[in-house]
Structure formats: structure tokens, C-alpha cells
Amino acid sequence: TPIGRTEQTFGEYIDKYKIMDSVNDGVTLQILYEGKTADTALNEKHAFDTAFEDLFKERSAEELPIQNLLGSLLLATQGYAAPEVERAFSRAWELCQSNDDAALRFRILWGLGRYYFVLPNPDKGLEVSKQLLAIAEETGDAGLLAEAACSLGTHLFHRADFAAARHYLQQSIAIYDRNQHADHALIYGQDPCVVSLAYLAWTLWCIGESGEASARTVAALQLA
């Protein structure tokens, strides 16, 4: 490696092999730089957001499944009310707004709803449940409708709106088909019919229909 006053120190060069020589020989690859104008200051929030989105828009598609999977893993390992669960699913929900996969958007929102359900945050939980129902109705998917009605029914039960809770829980049970929806226990970590039957039993008990409540309890245990 040349140093200051190389020739004075070591004498004349015996041989010289320059960078461009190695490039021409195919030993060294040139580094190509993409020319860009650096913004040294962004004083407006809109300008910052626009620049950020332009820079990372291609990475959003890669981040979305990672955040969704992370949220699901955190539900199982850290508990439904862990702050990390909200961060993961909230980020995933933000990323999926332009995604056309309704089932993916539903699962992400469902995970966020579980966080609010256990935290608890009744108002946000009910809002999420209504959004789930809107997505399910838009798609017409029976499995999503069963999950959404179950979610809404459980939230309404905890708000002591027993008539509305009964309606949605019965709707979830009526829609459920074990041959088609048994895999929900793996996808969502619970079976919507088992949950709906259990909550319907509590609902019926609260309104004085103890016989019907006992029957629903038995049905939930048998299905589980």
C-alpha cells in the first residue's frame, strides 16, 4: 500500500497494478452509485411522510407477513394483553390497508381485537368486532361470518347487552359447519362454535333461562 514519500523510502516501483487494471481483468467489480438529491431538511410532516413512504414502500409487502406472524406468536407466548401484541398487529393492520386479501386483513384485525378484549378496552374491542363483521359481510365467507358474529357476541355479553349478544352468538352457531370450519381452532387458536356455545350458556343463565344454559354448556363440551 502506498504511503507518503513511498519512492523516497523504498526506491522506485518494481511494478504497478492499478484499480482499473484489476477491473479490466475482471478481478474487481466497480461500485455503481444511484444518483439522488439529498434532502437535508424536511420541515413539514407531510413532506417527511411522503419521503418515508417513497423509500420504504417496496419493503411493506415483506414486512406485513412478518408482523402478522409475530402478533400471532406473541398472543401465544406473551399473552393476549401484552403491549407487544398491539404493536405487532397495529403495524400489520397499517401495512395491509392496500392489500386485497380480505382473509388476511380479517385475521390481523381479529388478533388486534383479542388484545382489546383481554386488556380490556371495551369500546375499541366493540369497534374492531364491528369492523370484522363488515369485512365478513363484504366477502360473504361463512367462516369469517361465524368468527365475526362470535367476536361481536362475546363483546356484547361483557357489556351486558344480553339480547344482542344472544342474537350474534346464535348466528355464529347457525353458520358454523364443523366439516368446513374445524381448522379455525388452528388458525385462530379457538373454535368459534365452542366459544359461542359457552358464551350463549352464560347469556342464557344471566337472563334466567337456566335449562337452556345447561344444554348449551353440554353442547360446548361435546364439540370441544
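## Basis

The model is predicted, so local features need pLDDT of at least 70 and side-chain atom pairs count only at pLDDT 80 or more, while totals for chains, interfaces and linings use all residues. Residues are numbered from 1 along each chain as its sequence is written, and side-chain values use heavy atoms, with hydrogens and water left out.

## Helices α5 and α7

The axes (lines fitted to C-alpha atoms over the stretch in contact, with angles from 0 to 180 degrees between N-to-C directions) of α5 (residues 102-118) and α7 (residues 142-158) come within 12 Å and cross at roughly 15°. Helices are DSSP runs of H or I with at least four residues, numbered from the N terminus. The two are therefore roughly parallel, a term for angles under 35 degrees.

## Salt bridges

With a salt bridge defined as a side-chain nitrogen of Lys or Arg within 4 Å of a carboxyl oxygen of Asp or Glu, the count is five. In one of them, Arg-91 pairs with Glu-63, the closest N and O atoms being 2.9 Å apart. Arg-91 lies in α4 (residues 83-95) and Glu-63 in α3 (residues 45-78), so the pair ties together parts 28 residues apart in sequence. Arg-91 is partly exposed, at 25% relative accessible area, and Glu-63 is partly exposed at 22%; the class lies between buried (under 20%) and exposed (over 50%), using a 1.4 Å probe and protein chains only.

Arg-91 also forms a salt bridge with Glu-94, at 3.1 Å between the closest N and O atoms. Shared partners join Glu-63, Arg-91 and Glu-94 into one network.

Note on methods. Parallel < 35°, antiparallel > 145°, perpendicular 65-115°, else oblique.
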